[in-house]
Amino acid sequence: MHFQKSAKIVFFTIFCPFFLFSQENKIDEKILSDDRLKLFDYSKKQNEESSSKLRKDWINPITFSYEKSKSDTNDTLKSAINISQPIFKSGGIYSAIKYANATFDYTKYDIELQRKELIKEATTMLFNLHILDLNIKKNELLLKNAQIDVFTKKEQVLNGFIDTSTLDNAILDANVIKNNLADLYYEKDELVNNFENIASGEYTSFELPFLNLVDEQSFLKRNLELSKAKANVTKNDYFSDMTVAKYLPTVSFEANHTQYHQDKKEKLSNENIYSYGLSVSMPFDIRALNDIEVEKINYLSSKLNLKNSELEEKNYYKTKLSKLKMLENKKKIAQDDYKLYDSLLQVIVEEKNAELKTQSDVDILQNSQKIKSIELKIYELEKQIELLNLYSKIS
């Protein structure tokens, strides 16, 4: 799978409101390094094995013993196989299997959330690196305008039209931009290093993805946090049932096979002794009610946590929607400014041709228009980051 070109994103969406998009969101997990991806594969395999073991926990092991004893009067050699297997635990066996399945689902969603979070982290850094590149270009254009302003004011000072304080302020403004550029260069180097810690290549080797806004119903239906919370409710429900069953009657199948290989005193050799039957047991523990009540509270707490999570995810979606609208409004302002500079530029070029304006006037307006074009691209990338935050929460 390949990402779409970022340049195409900007120019295609420059006059399209974000809420019109409805295609499927896709992010390539190959942005992560192979070692990072292998860790998630190991976590998934570990979850499978742990859940498989948990499903079999109700099955007791078969015990084999081999005994040799020697004394002055007797030498004995015997082996024995013992089985004590619960076959009825007042619903506890069924609940144990269901608990194992729910635990598998809970851990599966947790692993997927971690995987999505790391992909989001890497992809966010990728977007921010492109934003940094655009901000560097923007500040380079601002510096060009500041240098033109310094040159113009210098000429005006030399000709006696303005005092030196105005020139000094222009020089200070230019230096502020230079310092901003120095900060941006460092910030980019730092972010490149952080990106390469988890990514499978240099940031320039990746094309930016294009994400679309998912509707609220789909966001909640496919929400991994809510799926994990629901699995936790189910898990705690079955564990509560298991806890109750622990203090109810248990029916077990008992079997024993003992073979005497040698017994000098009794003169037994290769004699087999078999025994089998059923047993019923029920523990009486004064802590039983406390144990049951604790697990019941855990179950009720997980239900409340699910309810709270549903409210939080709804509001999270609304907050991101508001942020997207805010960025769209800023983008609209930048678009209006771009059009204004375009109309002004046409007039200034005509006046320059008529020798009423200088080339510096034209250059300043051209640079200002380019700055607005860059801001439009930055706003679009910032919108994509907000959409990425939504993507990281859904399956």
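## How H7 and H8 meet

Helix H7 crosses helix H8 in a left-handed way (the near helix is turned anticlockwise from the far one by less than a right angle; helices are DSSP runs of H or I, at least four residues, numbered from the N terminus). This is a predicted model, where local features need pLDDT of at least 70 and side-chain atom pairs 80 or more, while totals for chains, interfaces and linings use all residues. Residues are numbered from 1 along each chain, and side-chain values use heavy atoms, with hydrogens and water left out.

The two helices, H7 and H8, pack at about 165°, their axes 9 Å apart (axes are lines fitted to C-alpha atoms over the stretch in contact, with angles from 0 to 180 degrees between N-to-C directions). So H7 runs roughly antiparallel to H8 (an angle over 145 degrees).

## The main nonpolar core

The largest nonpolar core has 54 residues, and Ile-31, Leu-32, Leu-126, Phe-195 and Phe-219 touch the most other members. Such a core is a set of buried Ala, Val, Leu, Ile, Met, Phe, Trp, Tyr and Cys residues joined through side-chain atoms within 4.5 Å; buried means under 20% relative accessible area with a 1.4 Å probe, protein chains only. H3 gives the most to this core, 17 residues.

Beyond its neighbours within four places in sequence, Leu-126 is in contact (heavy atoms within 4.5 Å) with Ile-31, Phe-195, Tyr-203, Phe-206, Glu-207 and Leu-208.

## A buried lysine

Lys-393 sits in the segment after H8. Its relative accessibility is 15%, so Lys-393 counts as buried. Sequence neighbours within four places aside, Lys-393 is in contact with Phe-219, Arg-222, Asn-223, Leu-224, Glu-225, Glu-313 and Tyr-316.

Conventions
Buried < 20%, exposed > 50% of the residue type's maximum accessible area, 1.4 Å probe, protein only. Parallel < 35°, antiparallel > 145°, perpendicular 65-115°, else oblique.
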